[in-house]
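Come along and keep the structure in view as you read.

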Amino acid sequence: MKYGLIGKDVRNSFSKSIHEQIGYEYDLISLKEEELNEFFKNKDFKGINVTIPYKQSVIKYLDYVSPSVEKIGVCNCIVNEKGILKGYNTDYDGVMYLIKKNNFDLKNKNVLILGSGGTCKTVSCVLEDLFVQNIYVASRSPKENQYSYQDVYNLDIDFIVNTTPNGMIGYSDDILIDLSKFNKLEGVIDVIYNPLRTSLLNEANKLDIQSVNGLDMLIYQAIRASELFTNSKISDEVISNIKSKILLDKLNIVLIGLPGVGKTTLGKLVAEQFNKEFVDMDSLIVNKENMSIKEIFDRYGEAYFRNLESNLCKELESKNNLVISTGGGVILNKENVKSLAKNGLIIFLDKELDLFTLSDERPLTKNKEELKKIRDLRYNLYLSSCDVLINLNNNLDKNKERIMEVVYEIINC
């Protein structure tokens, strides 16, 4: 192996995509703790990145550490120079880049860090250099000068940074704190990037609090690592292109709206345009149950169907690069929306009732009167569930182009 990433479980890492866009092969290697000695004894690499939980334990294998590693006690980048292992902390650069790129003004502010591990130490160092007023650390097992998650509500907090794995694919999805209890909260940063939108960020979005995931941090720490690996400078244009490519590859486009609005027809066109896999949730359920939606409703009732729908949303929450056409009632369950939002841009497709296609196969909207009744009941749910509302007309190409414009706006922001 020339370049790669080591950690306990790195299967879901985006790092391979980033480094290979820069121009070299990059391996993902999951290692057990007892395998570290042999790995560093062999030194069979030119440059590696290190992720949880080994960012501190690898330091003992190094011949040289950078001032940032010495200060923070955390290493995420190792360069092998003719057998001499040199350790760096490019996470520091990544955190600083994320904060500045997203225009978070932290000077003289109070910041609460969730989690007390290695990333917490790196974030704390960055915050000190940005002249924050106070740094508070919350932990499940608080030590001296730390707080439990129950005690943080007594603090005067302006910004929150999550450095725990809570919300990451494969970890607990519990939100550690209630954001609504902080009455002057200005911003939330979650260093997690997979999924693209954790439950914590989704909650911040609902409260209209500025929030950002860890993708900018991930990309820039990888850029700095690559510069150390190859002893070369990477341009801002390359950084921007990498982010856009990752977002386009990882983002799901989720179409919600009333039955008959055109989610399936448009979804297929958009999926073809972006080279994404198209998923029709109703069709998947029909194929699995071997009966139509109407037959499922008639034989087992709506509650049975909604349970099938919710289970499917849960299956899709960790998937990437999809265009998902949902059933009209998917928004009736908040957990469905939460699952679809994790990696999805949720687009509410709407149009005048006269433009809808009605069908006897749709159990709840067989005629215009039923459609209007359902629309009146669900409209506010569609609005509260979506990231973007698009009003459609009868021009299929223009409708497709509008969806594409919205997606490009998101990935190029």
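Before I start on the sheet, I note one rule: two strands pair if DSSP finds at least two bridges between them. I also remind myself that this is a predicted model.

**Entry 1: the sheet**

I looked up strand 10 and strand 11 and found 3 bridges joining them, with the two strands running parallel. At one place in this pairing I saw G187 standing opposite Q210 in strand 11. I then stepped back to see the sheet as a whole. It is an open sheet of 5 strands in the order 8-7-9-10-11, with parallel pairing. Strand 8 and strand 11 (residues 210-212) are the edge strands, since each pairs on one side only. I also noted that neighbouring strands here are turned by 15° against each other on average, direction ignored.

**Entry 2: the nonpolar cores**

Which residues touch the most other members of the largest nonpolar core? I found I253, I256, I347, L349 and I403, out of 64 residues in that core. Helix 7 (residues 215-230) gives the largest share, 6 residues. Leaving out residues up to four places away in sequence, I403 touches I253, L255, L266, V270, I347, L349 and I390. Apart from this core I found another one of 25 residues, including I72, V74, V126 and V137.

**Entry 3: helix 13**

Next I turned to helix 13, which spans residues 334-341. I listed its buried residues as N336, V337, S339, L340 and A341. What do they pack against? I found three helices among the partners: helix 6 (199-206), helix 12 (302-316) and helix 14 (368-385). The strands in contact are strand 12 (252-256), strand 14 (322-325) and strand 15 (344-350). At the N-terminal end of helix 13 I spotted a cap, N333, with a side-chain oxygen 2.8 Å from the backbone nitrogen of E335.

**Entry 4: the salt bridges**

I reminded myself that side chains of opposite charge can pair when their charged atoms come close. How many salt bridges does the structure hold? The count is 24, and I followed a few of them.

I began with K16 and E20, whose closest N and O atoms are 2.8 Å apart. They sit 4 residues apart in helix 1 (residues 15-22), so about one helical turn separates them. K16 is partly exposed at 32% relative accessibility, and E20 is partly exposed at 35%.

Then I looked at D158 and K184, with closest N and O atoms 3.0 Å apart. D158 lies in the loop between strand 8 (134-138) and strand 9 (159-162), and K184 in the loop between strand 9 and strand 10 (187-190), so this pair ties together parts that are 26 residues apart in sequence. Is D158 buried or exposed? I had to recall that buried means under 20% relative accessible area. D158 has 3%, so it counts as buried, while K184, at 35%, counts as partly exposed.

K372 is partly exposed, with a relative accessible area of 44%.

Key:
Residues numbered from 1 in each chain as written. Predicted model: local features only at pLDDT ≥ 70, side-chain atom pairs only at ≥ 80, totals over all residues. Heavy atoms only, no water. Core = buried A, V, L, I, M, F, W, Y, C linked by side-chain atoms within 4.5 Å. Buried < 20%, exposed > 50% of the residue type's maximum accessible area, 1.4 Å probe, protein only. Contact = heavy atoms within 4.5 Å. Polar contact = N/O pair within 3.5 Å; in protein donor to acceptor, adjacent residues only side chain to side chain. Salt bridge = Lys/Arg side-chain N within 4 Å of Asp/Glu carboxyl O. Axes fitted to C-alpha atoms, helices over the stretch in contact; angles between N-to-C directions.
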